[in-house]
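Please look at the sequence and structure first.

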Amino acid sequence: MTRDRLKKLLVEELKRNMVQGGRPRLPEGGKLLWGIFLDLDRGRSLHASGANPIAATDIEAYARLHRWPLQPHHVDILVAMDRAFLEVSYEQMRQARDGKTSDGTKVLPRRSSHAVTPQVFDAMFG
């Protein structure tokens, strides 16, 4: 399998998995990069509007600490997966904010079924 084909398949599967869930269907040779991406994603920093991109320094540090000899094409695949992750994440946040999916279907706002009691308020805000 070519590098470009592997990148395309991993990016498509990441997008599909984020939207539909379930067990990922990984292409041959993609399991290691998928695992590395998930590890890097767990350490991702956040800002007020959502997730930050995974920094190149984080990829380098991960490879060094785990002694994975990542080549430039591996990093290219990880960065492409990260771009796809951010694209889907921001689209899902936009849909939740606007109350509609990209095809115009109305989405109910996320609400808790539990009432806010003084105890819950204190637990959340001190």
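## Overall layout

The protein has five helices and two strands, where helices (H or I, at least four residues) and strands (E, at least two) are DSSP runs numbered from the N terminus. Along the sequence the pattern reads α-α-β-β-α-α-α. This is a predicted model, in which local features need pLDDT of at least 70 and side-chain atom pairs count only at pLDDT 80 or more, while totals for chains, interfaces and linings use all residues. Residues are numbered from 1 along each chain as its sequence is written, and side-chain values use heavy atoms, with hydrogens and water left out.

Of the 126 residues, 27% count as buried, meaning under 20% relative accessible area (1.4 Å probe, protein chains only).

## The nonpolar core

The largest nonpolar core has 20 residues. Such a core is a set of buried Ala, Val, Leu, Ile, Met, Phe, Trp, Tyr and Cys residues joined through side-chain atoms within 4.5 Å. Leu-10, Leu-14, Phe-37, Leu-40, Leu-78 and Met-81 have the most contacts inside it. Two or more residues each come from α1 (3-20), α2 (31-42), α3 (56-66) and α4 (72-98). The most come from α4, with seven residues.

Leaving aside residues up to four places away in sequence, Phe-37 touches Leu-14, Arg-44, Ile-54, Leu-78, Met-81, Asp-82 and Phe-85 (contact means heavy atoms within 4.5 Å).

## Helices α1 and α2

The contact between these helices is made by Leu-6, Leu-10, Glu-13, Leu-14 and Asn-17 of α1 and Leu-33, Trp-34 and Phe-37 of α2.

Key: Buried means under 20% relative accessible area, exposed over 50%, partly exposed in between (1.4 Å probe, protein chains only).
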